[in-house]
Amino acid sequence: LSATPELFFSESKTERLLSFFGGVLSTYSLEDAIEEKKLVPYKYHPIVVNLTSDEKEQYDKLTQKIVKMIGNDAEEYHERLGNNKALEMLLFNRARIIYGAREKLEHLSRMIEEITSKGKLLIYCGPTSYSSELVTDYEGESITQLKAVNKKLKDKNVKFAQYTSEESDFDRKKAIKIIKNQSYSTLVAIKCLDEGVDIPIIERAI
């Protein structure tokens with residue numbers, strides 16, 4: 001059972017996978033799940049942010065390296081991607097620049113007080129870090145986006161629980177319980193909730 005039977009990194013692996021199972025046997029869309037009340041309906045509001053000049057410079061440098069490795073042959077793109085670990089790493093590092101665009105933190109700071117007053121909030125963080133000058137109280141070390149977000153919440157006196165791989169299974173269950181019993185208004189997560197979460201009390205997510 002997979003939400004992503006087509007593998008972006010390899011056309012040949014996708015063909016082998018679909019061939020092994022005899023193709024996609026059935027589909028069940030988000031629309032189906034919402035209509036059948038398996039998922040809650042939601043509205044999606046994109047907030048556009050820009051890269052800073054140094055982020056853009058890093059992004060462009062990585063893009064140039066990626067283009068040199070891939071070349072201009074679109075048909076061979078997926079095959080080259082699937083068999084080249086160095087290329088995968090370049091793409092991953094470029095994606096991290098997008099995950100960690102610093103303007104996201106600035107937008108979050110402006111939104112926190114208003115949005116936390118409107119109900120329970122879930123904040124997903126990306127797997128990225130910032131230099132220490134971006135966030136005070138962390139001199140001499142890089143700061144994960146998770147820590148930076150937590151600092152923003154503390155500065156605004158927002159009570160939050162954390163749900164990450166750093167916590168034990170007991171602590172993660174406790175974090176969800178704290179949100180459900182309305183002790184805290186916000187749950188901050190990274191990766192661990194990517195597969196989905198059953199916390200009906202949450203009304204918004206960033």
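The structure is a predicted model, in which local features need pLDDT of at least 70 and side-chain atom pairs count only at pLDDT 80 or more, whereas totals for chains, interfaces and linings use all residues. Residues are numbered from 1 along each chain as its sequence is written, and side-chain values use heavy atoms, with hydrogens and water left out.

From the N terminus on, the elements follow the order α-α-α-α-α-α-β-β-β-α-β-α-β-β. Of the 206 residues of the protein, 31% count as buried. Among the contacts (heavy atoms within 4.5 Å) with a separation of 6 or more, 62% are accounted for by residues 24 or more positions apart.

E4 belongs to an open sheet of 4 strands, arranged in the order E4-E5-E1-E6 with parallel pairing, two strands being paired if DSSP finds at least two bridges between them. Strand E4 (160-163) and strand E6 (202-205) stand at the edges with a single partner strand each, so one side of each has no neighbour in the sheet. On average, and with direction ignored, neighbouring strands of this sheet are turned by 25 degrees against each other; angles run from 0 to 180 degrees between N-to-C directions, and axes are lines fitted to C-alpha atoms, for helices over the stretch in contact.

The pairing can be followed strand by strand. Strand E5 (residues 186-189) in turn pairs with strand E1 (residues 120-124), in the parallel sense and over 4 bridges. Leu122 likewise stands opposite Leu187 in E5, and the bridge partner of Tyr124 in E5 is Ala189. E1 and E6 also run parallel and are joined by 3 bridges, with Leu122 standing opposite Ala205 in E6. E1 is mostly covered, as 4 of its 5 residues are buried.

Helix H7 (residues 145-155) lies across E1, E4 and E5 and runs at about 165 degrees to E5, whereas helix H8 (residues 169-180) lies across E1, E4, E5 and E6 and runs at about 145 degrees to E4. Within H7 is Asn150, a buried residue with a relative accessible area of 9%. Leaving aside neighbours within four places in sequence, Asn150 is in contact with Phe160, Gln162 and Val188. Asn150 and Gln162 are 12 residues apart along the chain, and their C-alpha atoms are separated by 8.8 Å.

Two packed helices are described by the angle between their axes and the distance between the axes. For helix H6 (residues 103-116) and H7, the angle is about 25 degrees and the axes are 10 Å apart. H6 and H7 are therefore roughly parallel to each other, on a scale in which angles under 35 degrees count as roughly parallel, over 145 as roughly antiparallel, 65 to 115 as roughly perpendicular and the rest as oblique. The crossing of H6 and H7 is right-handed, a crossing being right-handed if the near helix is turned clockwise from the far one by less than a right angle, and left-handed if anticlockwise. Leu105, Leu108, Ser109 and Ile112 of H6 make the contact with Ala148, Val149, Lys152 and Leu153 of H7. By class, this contact of H6 with H7 has 6 nonpolar, 1 polar and 1 charged residues, where Ala, Val, Leu, Ile, Met, Phe, Trp, Tyr, Cys and Pro count as nonpolar, Asp, Glu, Lys and Arg as charged, and the others, Gly among them, as polar.

Another helix pair is formed by helix H3 (residues 53-70) and helix H5 (residues 85-99), which pack at an angle of about 155 degrees with their axes 10 Å apart. This angle makes H3 roughly antiparallel to H5, and H3 passes H5 in a left-handed crossing. The residues in contact include Tyr59, Leu62 and Ile66 of H3 and Leu87, Leu90 and Leu91 of H5. The residues of the contact of H3 with H5 divide into 11 nonpolar, 3 polar and 3 charged.

Terms used:
Helix = DSSP H or I, 4+ residues; strand = E, 2+ residues; numbered from the N terminus. Buried < 20%, exposed > 50% of the residue type's maximum accessible area, 1.4 Å probe, protein only.
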